[in-house]
Structure formats: C-alpha cells, structure tokens
Amino acid sequence: MLLAVLAIIVGLGLLVWSADRFVDGAAATAQYAGMPPLLIGMVIIGFGTSAPEMFISAIAAYQGNPGLALGNGYGSNIANIGIILGLTALISPIAVKSGVLRQELPLLCGVTLISGLLLLNGQISRVDAGLMLLVFAGVIVWTIRTSMRQHKDILSTEIAAELKDDPMPLKTAIMWLLIGLVVLVISSRMLVWGAVDIATALGVSDLIIGLTIVAVGTSLPELAAALVAVRKGEHDLALGNVLGSNLFNTLAVVGIAGVIHPLSVPPEVLYRDWPVMAALTLSLFITGYGFKGPGKGRINRFEGGALLLTYAGYTSYLVYSISHGLV
C-alpha cells in the first residue's frame, strides 16, 4: 500500500512535469514549422494538456481496468470545469471575447450529449469508440479550418503573445518533446499501477480512483496553464485550454481506451457521473456563450464559486459513498 501511494505521488509529479515539457517542446516545434498560433493553441497545446489522460486511459484499458480509463476521462472534465474554471473565475472573472470559443461552447455540449447516448447500452464497444474518434477527427478538421480563417481572433493574439514570451531553439524544442513523451509513458504506468493497487486495497472500484485522485492529478497541467493565463489577463486562453482539453477527453481519451479494450459502463456513471459532467458543461455554455452578442460572455466570481461548490458537493458524495460501502 505504501509503495502504491509513493508510486502515485512520484507518478503525478513526473506526469505534470513531463506534460509541461511535452507541451512546450511541441508548441515551439510547431511554431518553427510555420503553424498558425491559433492552430498551435487549439490542437498542439490541446493535445499536449490532455496527453496525461490519454496515456493513463490507454494503459488502464490495455491492462484491463476500464473503470479507471472511463473515470479518468470524465473525472478530468468535471475537475477542469469545477476546479480550474471555478478557481480561475474566483481570482479574476473570465470575459469571453473570442468568437472561436463562442463556437466551441455549443460544440462541447453536443459532444457531451453524444457521449451520453453511447453510454445507454451499458458499454462502450469498439464501434462506439471508433465513432468517437471519427467525431474527434471531424472536430480537428473544423479546428484547422477555423484557425486558418480567423487569424485576428483574440484567442490567436493571446496564444501568439504566449509563444513569443517563451522562445526556444529548435533543437531544445525537439529534445523536450521527446523527453516529455518518454517520461509521460513511464509516469503514466507508475500512476496506473499505484491507482489500481490502492483501489484493490481499499476495496473500491477503479472508477472511483479514476474520478478522484487520477482525474485531479491529470488536470494539474490545465490548472497551472489557466492560472498563468489569467494572471496575464489572457482570459480566453484560460477558457480555451479547458474547452480543448474537455473535447479531447470526451472523444479521444475515452475513444482510444475503448478501441484498445471495450469499456463496461457501471450504472452509476449514467445516473451520477455523466449527469454532473453534462450539467457543468451546460452551465459553462449558459454563462460563457454571451447570448446578448459576441464578447458578452462572462463567468463572474459568483458563478466561479458555484462551480467550485458543485465540485465539492460531487466529491463529498463520492467520499460518502465510499465510507458507506455504496461503491
């Protein structure tokens, strides 16, 4: 048990560190390749910040722990909105000015609805997972076309400024890209082993471990990026990181895991976890879209506090369920 706890602590530390190096290296390499800043932010950085979830879910599915894979994907989405955007909005209200993000908000709602429909039969088969990856490919194509058309979007400006603040030689970028990738794999394996061992020792499902410890841990790169962005006044970048990550988690993370090994869906995912994820996503759309017109979307401190309280209530219910042997 002690060794498993140590594996999770060390694994999480290495995971956050390697994800940060991987994102920096990938973004700088893409910049040298002449990729537009908006495309780097929406695809390269979006993929990089979701890389921990992808590797952990893929390894968990391969090793026959589908609950951990599913819990990691959905739990990270819940943590991204509840903790990251909640805390960020409390520090500084998030004004949504980007037209691209205004389009991504309803897209995320639609993707969340699709994921819920695929859960209804109690499993995510390889066909279901393949459909998720197909939709994900469509999202990527839409993202590329959008980034090519909207060079003057505020999100593009913020990403360009962020990349300019941290220049990196090409050789260094490639080095960190490769080192980050290798350490991501190693730390993911450590984390999965420790999580499964703790779940077995405590007599709880790997789904619960995925929804809590692993989900929060793999969301740390997004939290760090959001706090840095909001401190610089780059509110759209903070929101963009979360939206991109949640799209990747819902489609690619769960989809890749399901292709590797079909995922059985426990009933509680349908009546507890997915509804919470869907409700948080819908609330984000309502507050951030700006129904009065472009640039009118805003997540204020009150709404940020409500997001944090929702996450706290959800986590408290999970802890209650564990202590009373309900899971």
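Let's start with what "exposed" means here: a residue is exposed when its relative accessible area is over 50%, buried when that value is under 20%, and partly exposed in between, using a 1.4 Å probe and protein chains only. You'll find Leu3 in helix α1; helices here are DSSP runs of H or I with at least four residues, strands are runs of E with at least two, and both are numbered from the N terminus.

Before going on, keep in mind that this is a predicted model, in which local features need pLDDT of at least 70 and side-chain atom pairs count only at pLDDT 80 or more, while totals for chains, interfaces and linings use all residues. Residues are numbered from 1 along each chain as its sequence is written, and side-chain values use heavy atoms, with hydrogens and water left out.

Together with Met1, Val5, Leu6, Ile9, Val10, Leu14, Trp193 and Leu202, Leu3 forms a nonpolar patch with about 840 Å² of accessible area. Two elements give two or more residues to this patch, namely α1 (2-32) and α7 (170-202). Helix α1 gives the most, with six residues. To be part of a patch, a residue needs over 30% relative accessible area and no salt bridge; nonpolar side chains (Val, Leu, Ile, Met, Phe, Trp, Tyr) are joined within 5 Å, and like charges within 9 Å. The areas themselves come from the Shrake-Rupley method with a 1.4 Å probe, and for residues only the protein chains shown count as cover.

Now for the charged side chains. A salt bridge means a side-chain nitrogen of Lys or Arg within 4 Å of a carboxyl oxygen of Asp or Glu, and by this rule there are three of them.

One is between Arg272 and Asp273, whose closest N and O atoms are 2.7 Å apart. Both partners are tucked away: Arg272 is buried at 6% relative accessibility, and Asp273 is buried at 1%.

Asp20 pairs with Arg21, with 2.7 Å between the closest N and O atoms. Arg21 also pairs with Asp24, this time at 3.4 Å. Arg21 and Asp24 both sit in helix α1, three residues apart, which is about one turn of the helix. Arg21 counts as buried at 18% relative accessibility, whereas Asp20 is partly exposed at 37% and Asp24 is partly exposed at 22%.
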